[in-house]
Amino acid sequence: MELETVLYRVEGNVGIVSLNRTKALNAMSKQIFVDLTTAFDAAEKDDNVRCVVVNAEGRAFCAGGDIPEMKGLDNPEAVFDFYNVAGIFMKKMINFVKPTITVAHGAIAGAGTSLLLAGDIALVSDDAMFMVAFGAVGLIPDCAGHWLLPRACGLNMAKELMMTQRAVKAPEMKELGLCNHVYPKDQLMDEAMKLANKIAKGPLNCYSSSKLIMNKSFETNLDDLLQEETEAQAAARLHANGDEGLAAFLEKRKANFQ
C-alpha cells in the first residue's frame, strides 16, 4: 500500500490513520482524500482491525482545504472531480462499518471541521481551535459540512459558525457538541487509544448496525425507523455475539465478542 500524504499503522486491534502533510498543516488536497480512502479500505479489509483512529502529525490537525490547489480548479470539470474524490471518502468515513474516533489538536479549520465531525466520536486537545472558515475565502462548507455541522451543534449555531467564521476554543467545542471530550495535549492519544481498545472489545456487528440507523434517523420517519431497528435487532439476536452476550450476562462473566 503506497501512501503519499497519510500514515497508516495497526496497533493491536486499532487502525491508526494519520494526516501527514505537516508543512501544509495537513491541508486537504485531492491526494490526501485518495490516500485516506486507501487507508480506510485497508482497515475495512483487515479483520484484526476493530476500531479506527484518525489523527494528524505536526502542529495542527488540519488547516482546511489546500488553497493553492483549489485556486487552480478553474473549470467546472476540475471542481467536480476534486469534490467527487472528497465526497467518496467522506461518505465512506461517515458510514464506515467499524467504529471511528477522530483525534484533533491545534487548528481544525475548513474541511478539517468536517473531518473531525465525520468520526463517531471526536476527541480534542485543550489547545484545539475549531473554525468553519470557508466564507473567509469566498466558499461554502464542503466535505459534507452542511450535513455534519447542524447535527453536531444545531441549525442556528451551525449557521452562526458558518457566517462569522469565529474561532471556537476547546471548552466551547465540548459545550456546543462539536467534540465529546477535551484532554491535555500530551494525554490525547493515550486517551484515544484507551477508548479505541475498549470499543474494539465490543460487538462490532451491533455498533455497525446502530450507527447506520442513527445516521439516517434525522430523515427517517418513526415507523420506518422502528421497522429497520426491529430487523437489525433480530439480526443481532441471532448473531453469535447475541448468544455470547446473553449467556455471559446470565453466567455473570465478561462477554467475549467476535
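These questions and answers ask how values in this structure lead to the words used for them.

This is a predicted model, in which local features need pLDDT of at least 70, side-chain atom pairs count only at pLDDT 80 or more, and totals for chains, interfaces and linings use all residues. Residues are numbered from 1 along each chain as its sequence is written, and side-chain values use heavy atoms, with hydrogens and water left out.

Q: Why is cysteine 62 called buried?
A: Buried means under 20% relative accessible area, exposed means over 50%, and partly exposed lies in between, with a 1.4 Å probe and protein chains only as cover. Cysteine 62 has a relative accessible area of 0%, so cysteine 62 is buried.

Q: What makes cysteine 143 count as buried or exposed?
A: Its relative accessibility is 8%. That is under 20%, so cysteine 143 counts as buried.

Q: Where does glycine 64 lie, and why is glycine 64 called buried?
A: Glycine 64 sits in the loop between strand S3 (51-56) and helix H2 (67-71). Helices (H or I, at least four residues) and strands (E, at least two) are DSSP runs, numbered from the N terminus. The relative accessible area of glycine 64 is 1%, so glycine 64 is buried. Glycine 64 and glutamate 44 are 20 residues apart in sequence and 26 Å apart in space, C-alpha to C-alpha.

Q: What makes H4 mostly covered?
A: In H4, 8 of its 8 residues are buried. Among them are Thr113, Ser114 and Leu117.

Q: Which residues line the largest cavity?
A: On a 1 Å grid over the protein atoms alone, a cavity is a set of points where a 1.4 Å probe fits but cannot get out; a pocket is an open set with protein on both sides within 12 Å along at least five of seven lines; lining residues have an atom within 4 Å of a point. The largest cavity is lined by Thr113, Ser114, Leu117, Val132, Phe134, Pro141, Gly145 and Leu149. H4 and H5 each give two or more residues to this lining. The largest share, 3 residues, comes from H4.

Q: How many cavities does a search of the whole structure find?
A: It finds 2 cavities of 30 Å³ or more. The largest cavity has a volume of about 40 Å³. A volume is the space filled by probe spheres set on the grid points, which are joined across faces, edges and corners.

Q: What is the volume of the largest pocket, and which element gives the most to its lining?
A: The largest pocket has a volume of about 620 Å³. Of the 27 residues that line the largest pocket, the closest to its centre are Leu117, Gly119, Asp120, Ile121 and Asn215. H9 gives the most to the lining, with 5 residues.

Q: Why is the contact between aspartate 127 and lysine 185 called a salt bridge?
A: A salt bridge is a side-chain nitrogen of Lys or Arg within 4 Å of a carboxyl oxygen of Asp or Glu. Here the N to O distance is 3.8 Å, so the pair meets the definition. Aspartate 127 lies in the loop between S6 and S7 and lysine 185 in the loop between strand S9 (181-183) and helix H8 (188-200), so the pair ties together parts that are 58 residues apart in sequence. Aspartate 127 is partly exposed at 32% relative accessibility, and lysine 185 is partly exposed at 44%.

Q: What makes glutamate 160 and arginine 166 a salt bridge?
A: Their closest N and O atoms are 2.8 Å apart. That is within 4 Å, so the pair counts. Glutamate 160 is partly exposed, with a relative accessible area of 31%. Arginine 166 is partly exposed too, at 26%.

Q: How do you know that glutamate 228 and lysine 216 form a salt bridge?
A: The N to O distance is 2.7 Å, within 4 Å, so this is a salt bridge. Glutamate 228 is in helix H10 (residues 222-238) and lysine 216 in helix H9, 12 residues apart.
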